[in-house]
Amino acid sequence: MRLIRRALLLLPLLLATPAGAQQAAFPGQREGTWTAPGFRFHTGETMDLRQGYVTLGDPANPAVLILHGTGGTAGGMLGANFGGQLFGPGQPLDAARFFIVIPDSIGTGNSSKPSDGLRAAFPRYNYDDMVAAQHRLVTEGLGIRRLRLVLGNSMGGMMAWSWATNFPDMMDAIVPMASQPTAMSSRNWMMRRLMIETVRQDPAYMGGNYTAQPPSLRIANVMYSAGTNGGTLNLQRIAPTREAADRLVDQRLAAPPPRDANDFLWQWDASRDYDPEPRLDRIRARVLAINSADDERNPPETGLTERAIARVPNARLLLIPASAETLGHGTTGNARFWREDLARFLAALP
C-alpha cells in the first residue's frame with residue numbers, strides 16, 4: 001500500500017452538496033425505475049423493492065457504478081462540482097466512452113422508502129441490503145455482468161468497499177472516497193446516534209406516526225453537519241468571529257429541512273453494522289481510496305485506514321492535504337480535488 005500526499009492548486013469552493021447547484025445534461029442521459037421482486041432484507045422481511053436510477057451513455061460501453069452519500073440521490077451526482085468534473089467530453093469518466101449507472105439507494109430518491117406508506121414499519125435496512133439491491137438492479141434490471149469501476153462518496157464510499165467484499169468478481173476497480181474499510185464506531189457513530197436520538201426522542205415524532213414533521217429534524221440535521229463536515233481550517237476562514245458563525249448557523253437553519261423524519265432516521269441508522277474489514281481478503285479489484293486529511297468522520301490520525309488497506313493487494317490511499325479551501329468530510333464531494341488522480345488510476349488499469 002502506498003500513501004500519496006501531494007500539494008494541490010485549489011480554487012475557492014462554496015460549502016455545497018457534492019452536486020452543486022446545477023445539473024448538466026450528458027450523452028444518453030436517462031432516468032428510470034426497476035422493481036426487484038421478492039427482495040429479501042437481512043432481517044428476513046421481503047417486498048417488491050423499487051429502485052430508481054439514472055444512466056448516462058451507451059450500454060455497450062464499459063459500465064461504471066456511481067454511489068451517492070447519505071440522503072443524496074442519483075440526480076444529485078450530476079451537478080457541476082461532481083458530474084460536471086467527471087462525465088463530460090474528455091473528462092475521466094466521459095459518458096461518451098463509459099456507461100454510467102447511478103442508483104438511488106434504498107430509502108432515497110425514487111427508490112422504496114418509509115415515506116411511501118409503511119412509515120416506521122418499513123424494514124430496518126442496512127448497507128449490505130442496499131448493496132444487494134444495487135447488485136440486482138445492475139445484473140437483473142440492466143443486464144450488466146461486469147463493472148469497470150465502482151466509485152462512491154461518503155456512504156457511497158462505504159458501499160464501494162462492501163461491493164468489493166460482497167461481490168469480489170464483479171468489478172475491475174473501486175474508488176471509495178470519504179470512508180474507511182473498518183467498522184462504524186467512535187465519533188462517527190456517536191454523532192449519528194445522537195442525531196437519531198434527537199429526533200426519535202422528540203415528542204412530536206410519536207414513534208414514527210407523526211402528523212407533522214418533528215421540529216427537531218431541522219436542528220439535528222444542522223448540528224450533525226456542523227460537527228462532522230466543513231473542515232476546521234475552512235470554517236475558521238468563513239466564520240472567524242462569533243457574528244460570522246451566527247450568520248452561518250442562521251443560514252443553515254433557514255434552509256429546507258430533510259423531507260421526512262422516518263426516511264432520515266432509516267438512512268442514518270443503516271450504517272449501524274457496517275464493517276467490511278473481516279472480508280478485506282476477498283477483494284480482487286484494484287483500489288484507489290481517496291480521503292481528506294481534515295475529514296471529521298474518518299480522521300487519518302487513527303491510522304485505521306492505512307492499516308486496513310495494507311492488507312489489500314493492489315490498493316493505495318490518496319490523502320488530500322488539509323487547507324483553508326478543503327471542506328473536511330465534504331472535500332471529496334468536489335471532483336476538482338482528485339479527478340486527475342482518477343484519470344491516472346483508470347489509465348493504469350489492466
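Predicted model: local features only at pLDDT ≥ 70, side-chain atom pairs only at ≥ 80, totals over all residues.

Student: What makes the pair Phe122 and Tyr125 edge-to-face?

Tutor: Two numbers settle it. A pair needs ring centres within 6.5 Å, and planes over 60 degrees apart count as edge-to-face. Here the centres are 6.1 Å apart and the planes stand at 90°, so Phe122 and Tyr125 are an edge-to-face pair. By this rule the count comes to 10 aromatic pairs.

Student: Where is Arg119 found, and why is it called partly exposed?

Tutor: Arg119 is found in the loop between strand 5 (99-103) and helix 2 (127-141). Its relative accessibility is 28%, so Arg119 counts as partly exposed. That label covers values between the 20% and 50% cut-offs.

Student: What is the phi of Arg119?

Tutor: Arg119 has a positive phi of about 50°, although it is not a glycine. Most residues other than glycine have a negative phi. Met206 is another non-glycine residue with a positive value, near 55°. Met206 lies in the loop between helix 4 and helix 5, and its relative accessible area of 48% makes it partly exposed.

Student: Why is Pro215 called exposed?

Tutor: The label exposed needs over 50%. Pro215 has 60% relative accessibility, so it counts as exposed. Its place is in the loop between helix 4 (186-200) and helix 5 (216-228). Leaving out residues up to four places away in sequence, Pro215 touches Asp202 and Ala204. Pro215 and Tyr205 are 10 residues apart in sequence, with 8.8 Å from C-alpha to C-alpha.

Student: Now the inside. Which residues touch the most other members of the largest nonpolar core?

Tutor: That core has 60 residues, and the ones touching the most other members are Ile106, Leu147, Val150, Trp161, Trp163 and Met171. Helix 3 (residues 155-166) gives the largest share, seven residues. Apart from this core lies another, of 32 residues, including Ile66 and Leu342. In soluble globular proteins, nonpolar side chains tend to be buried together.

Student: What is Trp163 in contact with, beyond its neighbours within four places in sequence?

Tutor: Among its contacts are Leu65, Leu67, Val131, Gln134, His135, Leu147 and Met171.

Student: How do you know that the chain agrees with a compact globule?

Tutor: Set the value against the rule. A compact globule of 350 residues would have a radius of gyration near 20 Å, and the chain has 19 Å, so the two agree. Along its principal axes the C-alpha trace spans about 55 × 50 × 40 Å. Of the 350 residues, 54% count as buried.

Student: How many helices and strands does the chain have?

Tutor: The chain comes to 10 helices and nine strands.

Conventions:
Residues numbered from 1 in each chain as written. Heavy atoms only, no water. Helix = DSSP H or I, 4+ residues; strand = E, 2+ residues; numbered from the N terminus. Buried < 20%, exposed > 50% of the residue type's maximum accessible area, 1.4 Å probe, protein only. Contact = heavy atoms within 4.5 Å. Phe/Tyr/Trp six-rings, centres within 6.5 Å; stacked < 30°, edge-to-face > 60°. Core = buried A, V, L, I, M, F, W, Y, C linked by side-chain atoms within 4.5 Å. Rg over C-alpha atoms; globule rule 2.2 N^0.38 Å.
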